[in-house]
Amino acid sequence: MTRPDPAALLADLRQEGDLLEELLRPLSAEDWDRPTPAEGWTIRHQIAHLTWTERTVLTALEELEVFAQLRERFRAEADVVDRGAQEGAARPPAEILASWQDSRRRVLERLAAVPESERIPWIGPPMGAPMMASARIMETFAHGQDVRDALGVLPVASHRLRHVAHLGVATRDYAFKQRRMDPPAEPFRVELTHEDETWTWGPAEAAQRVHGPALDFALLATRRRHRRDGSLVAEGPDADAWLDIVQAFAGRPGPGRAPLTRTA
């Protein structure tokens, strides 16, 4: 995958957030209390969590010592993220939405000013502004899908999924290490399709291969769908094992989702 233009990447981040905003604005107070597939989380919790992560990005950019303390808490305390969502979700829906809108606007502005050579500290490995923007697209897509599932709205396939897929591919070794497994030594070839495009990663001659729809991979890598619910194909035992554990985000993988489809 070629490196995206930074301005275009930030435009994609803005668009992904705008799409979710359009879904949220007409909701009633009762709608905000709808349960999402994440156990114990309503739509309130999902947007409160997005606000929490946007503010965490701002802390990483502007308050390094404070962020270092937060990162240690994140690693030591399993419920840090849940507590942040619970606290944010206690506010009225209008306040939750306004807070998220303000936070994501500030993140867009701040990322646009980060020099190309600068690395931003994070829960996982430090990353440049483009990778952080991709991570924000991934996070918005993932939690936006939780909201869509709560409302009975189908997933959205867009060109922005290329950034989500790139994170899923780039974190291959991280996913194995999170489960105390040795990462494969061989490179993988990944080929994902969206409309009339094919997005590729890795050497064409690689024996370990994954191919299929980009939307299926993005949903799997964000752990919003079970592998059985997509049509991704793995060739090779290492590639097959990877599709069971792929995760495009830092931190604990969580239990994942149960299959939507039933087998005989």
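Gly254 sits in the segment after helix H11, which spans residues 237-245. The model is predicted. In it, Gly254 has a relative accessible area of 39%. The cut-offs are under 20% for buried and over 50% for exposed, so Gly254 counts as partly exposed. Follow the chain to Arg223, and you are 31 residues away from Gly254 along the sequence.

Now turn to Ser134. This residue belongs to helix H7, residues 129-151. Is Ser134 buried or exposed? Its relative accessibility is 5%. Buried means under 20%, so Ser134 counts as buried. Which residues does Ser134 touch, leaving aside those up to four places away in sequence? They are Leu9, His163 and Leu167.

Next, look at a helix pair. Helix H1 covers residues 6-24, and helix H6 covers residues 93-112. Their axes come within 11 Å and cross at roughly 175°. Angles over 145 degrees count as roughly antiparallel, so H1 is roughly antiparallel to H6.

Which residues make this contact? From H1 come Leu10, Leu13, Arg14, Gly17, Asp18, Leu20, Glu21 and Leu24. From H6 come Leu97, Trp100, Gln101, Arg104, Leu108, Leu111 and Ala112. By class, the contact of H1 with H6 has 9 nonpolar, 2 polar and 4 charged residues.

Notes:
Residues numbered from 1 in each chain as written. Predicted model: local features only at pLDDT ≥ 70, side-chain atom pairs only at ≥ 80, totals over all residues. Heavy atoms only, no water. Helix = DSSP H or I, 4+ residues; strand = E, 2+ residues; numbered from the N terminus. Buried < 20%, exposed > 50% of the residue type's maximum accessible area, 1.4 Å probe, protein only. Contact = heavy atoms within 4.5 Å. Axes fitted to C-alpha atoms, helices over the stretch in contact; angles between N-to-C directions. Parallel < 35°, antiparallel > 145°, perpendicular 65-115°, else oblique. Nonpolar A, V, L, I, M, F, W, Y, C, P; charged D, E, K, R; others polar.
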